[in-house]
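Dear colleague,

I am handing over a structure for you to look through, and my notes on its pockets follow directly below it.

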Amino acid sequence: MNVYQWAQEKYAARGVDTEAAIKALQDFSISMHCWQGDDVIGFDSKQGLSGGIQTTGNYPGRATTPAELMADMDKALSLIGGKHKINVHACYAIFEEGEFADRDALEPKHFAKWVEYAKARGMGLDFNPTFFSHPKAASGLTLSNPDESIRKFWVEHGKACIRIASYFAKETGIPCVMNVWIPDGYKEVPADRMGPRARFAQSMDEMLEEPFDKNEVLICLESKVFGIGVESYTVGSAEFTLNYVNQKGLVPLMDNGHYHPTEVVSDKLSAMLLFHKKVALHVTRGVRWDSDHVVRFDDETREIAKEIVASGRMNDVAVALDFFDASINRVAAWVVGMRNMQRAMLSALLTPHADWKKLQDEADFTSMLALSEEFKSMPECVVWEEFCNRCGVPADEQWLAEVKKYEAEVLSKR
């Protein structure tokens, strides 16, 4: 009997099928965000990152071209098991030599190379309009701007993005999650809270006049509690976004770094799933006021995964990662975050949720607590190793040597 068979028997004695868990994890797609590879700069502008967010650090090797970014993603994906998606921001449009289109005039052809990349690897694509890092976002207001011409520009950008998301879905055969997040807000306490939100709602209404198939394009609206420079008031608050998606039949998206530090998305997820056919997540790691640290295998990540699995609706939760760290090797950041999200999902898949729910319903809280604590000693790492071996990726820290080699041979020469 090898070590995996031993672990398999230990789990089976507790009603857990490790083979089913491995298969479910192999089939669970996580959307890997392209913007970790170049510090959210993109290819359509030389303007630095703005909009209440920032990347800190100057670790060498940042991708500066589409070819470099895609090569870096390939390296990361080669060290991550399973089948995944790529999440693209609109500012990553790829133009031919001498060509340029502003964001209100973007077309599917400007993302043809992303489709080519995804199809060659059997992957789906998700998409995000980019309402920041642009001269028409310099005031910090986009879809809520009092200037009608600026609002119109960003509405047209949103419509263009719907067309591009539809193109992604049709070309890959995989539904595209299109997430709308705006940086709009004020540094000081505003005189008028209602007006900006009314303009945001009107702009969204106009954007949604662009036709799309809800089975192919899942349009989400993401909230945020505050951003750098908009500390006192955020137009797209949790209450605004949730009410708007409820009214319009869109998909709510929760970023677990976009709430007050005492709030946790793991507690919100079950409530959202009761009232929505689909829910989208940006999994990140909030540290004090900053929301975009590399995902760790920590309590909240594990608890989010537990809620996804225990709900019985894994297929109804679209999981993407969202962080950007320029202080460490960017490829390593992807690998750490993606593998930690997978480890959290595997931990949840190896948990006897039905048995523990029964104990809760029977008010046997003593057994529920004792058994859940003892379960922490189960050989989860052995099943993780088996999963990685079957996927042909390193099961332990050996992946880091691959990244270090890539850094020496490729990244350090940029």
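The second largest pocket in this predicted model has a volume of about 510 Å³, where a pocket is an open set of points on a 1 Å grid over the protein atoms alone at which a 1.4 Å probe fits, with protein on both sides within 12 Å along at least five of seven lines, and a volume is the space filled by probe spheres set on the points, which are joined across faces, edges and corners. Of the 28 residues that line this pocket, the closest to its centre are Ser 29, Lys 85, Asn 315, Val 317 and Ala 318, and lining means having an atom within 4 Å of a point. Among the elements that give two or more residues to this lining are α2 (18–27), β2 (85–89) and β9 (279–283), while β12 gives the most, with 4 residues; helices (H or I, at least four residues) and strands (E, at least two) are DSSP runs, numbered from the N terminus.

The largest pocket holds about 920 Å³ of space. Its lining counts 29 residues, and the closest to its centre are Glu 303, Lys 306, Thr 351, His 353 and Trp 356. Helix α9 supplies the largest share of this lining, 6 residues.

Residues are numbered from 1 along each chain as its sequence is written. Local features need pLDDT of at least 70 and side-chain atom pairs count only at pLDDT 80 or more, whereas totals for chains, interfaces and linings use all residues, and side-chain values use heavy atoms, with hydrogens and water left out.

Best wishes
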